[in-house]
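Work through the exercises below with the sequence and the structure at hand. Each task is followed by a solution in steps.

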Amino acid sequence: MYKEVSHNISVSVIPSYDMDKSDPMHSLYFFIYNVTIQNNSSDTIQVLDRHWVITDGLGKTEEVIGDGVVGETPTIIPGATYTYTSACPLPTKTGNMRGSYGILQHQNKLRIQIPLFFLRTPDSFH
């Protein structure tokens with residue numbers, strides 16, 4: 001698990017490789033990642049947007065910027081968590097992702113960090 005804390009908001013990510021949706025013969029490697037956002041602050045927050053930086057194993061970088069997460073702009077009360085699952089296809093068997101979420105906390109817009117995490121096929125560990 002990878003974890004980052006900003007403004008008393010914890011973001012944890014657990015990535016995994018999806019062999020069933022991958023097609024290595026056609027340079028398609030499909031990764032799934034589970035994200036948990038935990039509000040350890042004393043204020044309710046709302047996730048407004050996301051900014052991802054995705055880098056494949058050849059160093060090619062792509063940025064993804066958009067509203068909310070998985071089609072939602074969740075509100076998270078103090079002490080609560082919000083968990084979602086998303087996916088990332090890559091043309092290489094390794095890569096990484098990092099980024100940030102834009103949140104609204106007590107009428108202030110803040111950015112919370114998403115930890116750098118690595119995407120690797122099981123055979124890339126050898």
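**Exercise 1. List the residues that Pro74 touches, leaving out residues up to four places away in sequence.**

Step 1. Take contact as heavy atoms within 4.5 Å. Pro74 then touches Ile45, Gln46, Val47, Val69 and Tyr82.

Step 2. Pro74 sits in the loop that runs between strand 5 (61-67) and strand 6 (75-76); strands (E, at least two residues) are DSSP runs, numbered from the N terminus.

Step 3. Compare sequence and space for one of these contacts. Val47 and Pro74 are 27 residues apart in sequence, and their C-alpha atoms are 5.6 Å apart.

Step 4. Assign the burial class. Buried means under 20% relative accessible area, exposed over 50%, and partly exposed in between (1.4 Å probe, protein chains only). Pro74 has 7% relative accessibility and so counts as buried.

The model is predicted: local features need pLDDT of at least 70, side-chain atom pairs count only at pLDDT 80 or more, and totals for chains, interfaces and linings use all residues. Residues are numbered from 1 along each chain as its sequence is written, and side-chain values use heavy atoms, with hydrogens and water left out.

**Exercise 2. Find the order of the 4 strands in the open sheet, and state which strands stand at its edges.**

Step 1. Two strands pair if DSSP finds at least two bridges between them. The order is 1-2-3-7, with antiparallel pairing.

Step 2. Strand 1 (2-6) and strand 7 (81-90) each have a single partner strand, so they stand at the edges and one side of each lacks a neighbour in the sheet.

Step 3. From one strand to the next, the twist averages 20°, where axes are lines fitted to C-alpha atoms and angles run from 0 to 180 degrees between N-to-C directions.

Step 4. Look at one pairing. Strand 2 (residues 9-17) and strand 3 (residues 29-39) are joined over 9 bridges in the antiparallel sense. Ser16 stands opposite Ile32 in strand 3.

**Exercise 3. Which residue does the side chain of Ser100 meet in a polar contact?**

Step 1. Ser100 belongs to strand 8 (residues 94-105) and is buried, at a relative accessible area of 7%.

Step 2. A polar contact is a pair of N or O atoms within 3.5 Å; within protein, one must be able to donate a hydrogen and the other to accept it, and residues adjacent in sequence count only if both atoms are side-chain atoms. The partner is the side chain of Arg111, at 2.9 Å.

Step 3. Beyond four places in sequence, residues touched by Ser100 include Asp49, His51, Arg111 and Ile114.

**Exercise 4. Classify the ring pairs that Phe117 makes with Tyr2 and with Trp52.**

Step 1. Rings of Phe, Tyr and Trp (its six-membered ring) pair if their centres lie within 6.5 Å; planes under 30 degrees apart count as stacked, over 60 as edge-to-face and the rest as tilted. This rule gives 8 aromatic pairs.

Step 2. Tyr2 and Phe117 have ring centres 6.2 Å apart and planes at 45°, so this pair is tilted. Tyr2 is in strand 1 and Phe117 in strand 9 (residues 108-120), so the pair ties together parts 115 residues apart in sequence.

Step 3. Phe117 is buried at 0% relative accessibility. The centres of the Trp52 and Phe117 rings are 6.0 Å apart with planes at 90°, so this pair is edge-to-face.

Step 4. Tyr2, Trp52 and Phe117 are among the members of one aromatic cluster.
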